[in-house]
Each structure stands twice: as structure tokens, then as C-alpha cells.
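Subject: Handover of a structure and the findings on its interior

Dear colleague,

Please find below the structure that I am passing on to you.

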Amino acid sequence: MATTAGGRRARSVAVALAVLALVLVSGASATRATSRPAPRLADPTATATRLVNRFFVLLVHKDRAGLQRFLSPAFQVQRADGSGAGKKEYLANLPTVTRFQITQLRATQAGATLVARYLAQVEGIVNGKPYTPGPAPRLSVFSWSGKRWQLAAHANFNPLTG
């Protein structure tokens, strides 16, 4: 039985499509297997306290690799002076944090979102300016990536002062 070039091409395309379908299905299964729904936290404040402290410790050590993993791809920072940055810009121009203390932290959870409000007393340099205010109100929002909590948004409501 003779096979035409068009028949061989159609068969090759069909085989390629079948292989692609298998790859996509197995890839989706693998993603589902490694992706978990957000945990239902019995104590959102305890989890948020650990996450907020982790963020500031990463800043103290200027741990860009740790921050790269910890910050969500959607990360945004907003400062009281009107300046802000996305993840890439923030990582390229990290503030210098020499000391910090977190107090009055309260957190809430709704599904895959964890919101923390607190006071942070921080000493360091931000945007080239000395930063030593008293306790400043902060807001940090964490999102569940399917594997871990990541910082998606961070806001400081106290102007930079020396």
C-alpha cells in the first residue's frame, strides 16, 4: 500500500498533537500535585508575625536571593513620601535596615490572602535618606502561591525623617 507525502505529514501532525496533549495533561497534573490550597489558619496573627519578621530579617541581611523567593511576582511597595516600587526595582535598591521592632500586629485571612497591620520601629536608610522614626504604621499583604506565603504588598504610613 503506497503512502502519500500528505498522508505521512498528516500522521506526523497527529502524532505530534498526541504527544503535546500528553505533555500538557501530565504538566497540569504535576502542577496540581505540587500546588496546594491556602491553609486555613487557626491563628492568622501568629503566622503573619513570623512572615513580617522574616521580611525584616531578610532586609537586615540584604538577602536578595531570599527576598526574590519571598516577594510575590506582583509585589508592590508604597511609602508615605509617595515613592513606591515593583519587585524588580525594589530588589535593585533595597533599603538599609540596621534594627527593627514589630509591635501591635493584627492579621486577618480570607482564602489565599493574609493581611497584617502593625507598628514597625525601624532604623536605617531608605531612598538614600536616614530613617529613624518612632513606631510607624505598616500594612503587609501576603498571598498564597500554592506552595508558600509570599509578600505581595507592603506600605509604610510614616514619612521618612532623619
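I begin with Phe 75, which counts as buried because its relative accessibility is 1%, under the 20% limit for that class. Please bear in mind that this is a predicted model.

Phe 75 has an aromatic partner in Tyr 90: the centres of the two rings are 5.1 Å apart and the planes stand at 55°, so the pair is tilted. The angle falls between the limits of 30 degrees for stacked and 60 degrees for edge-to-face pairs. This pair joins distant parts of the chain, since Phe 75 belongs to strand S1 and Tyr 90 to helix H4, 15 residues apart. Tyr 90 is buried as well, with a relative accessible area of 4%.

The surroundings of Tyr 90 may also be of interest. Apart from neighbours within four places in sequence, Tyr 90 is in contact with Phe 55, Leu 59, Leu 71, Phe 75, Val 77, Arg 79, Ala 85 and Pro 95.

Tyr 90 leads on to the nonpolar core. The largest such core comprises 33 residues, and Phe 55, Phe 56, Leu 71 and Tyr 90 have the most contacts inside it. At least two residues of this core come from each of the helices H2 (44-60), H3 (64-70) and H4 (87-92), and likewise from each of the strands S1 (71-78), S3 (96-110), S4 (113-126), S6 (136-144) and S7 (149-156). Helix H2 gives the most, with seven residues.

As regards aromatic rings, the structure holds six pairs in total. Ring pairs also link Phe 55, Phe 56, Phe 70, Phe 100 and Phe 142 into a cluster.

One cavity of 30 Å³ or more was counted, and the largest cavity holds about 170 Å³. Its lining consists of 15 residues, of which Pro 95, Val 126, Arg 138, His 154 and Asn 156 are the closest to the centre. H2, S4 and S7 are the elements that give two or more residues to this lining, and H2 has the largest share, with three.

Yours sincerely

Note on methods
Residues are numbered from 1 along each chain as its sequence is written. This is a predicted model: local features need pLDDT of at least 70, side-chain atom pairs count only at pLDDT 80 or more; totals for chains, interfaces and linings use all residues. Side-chain values use heavy atoms; hydrogens and water are left out. A nonpolar core is a set of buried Ala, Val, Leu, Ile, Met, Phe, Trp, Tyr and Cys residues joined through side-chain atoms within 4.5 Å. Buried means under 20% relative accessible area, exposed over 50%, partly exposed in between (1.4 Å probe, protein chains only). Helices (H or I, at least four residues) and strands (E, at least two) are DSSP runs, numbered from the N terminus. Contact means heavy atoms within 4.5 Å. On a 1 Å grid over the protein atoms alone, a cavity is a set of points where a 1.4 Å probe fits but cannot get out, and a pocket is an open set with protein on both sides within 12 Å along at least five of seven lines; lining residues have an atom within 4 Å of a point. Grid points are joined across faces, edges and corners, and a volume is the space filled by probe spheres set on the points. Rings of Phe, Tyr and Trp (its six-membered ring) pair if their centres lie within 6.5 Å; planes under 30 degrees apart count as stacked, over 60 as edge-to-face and the rest as tilted.
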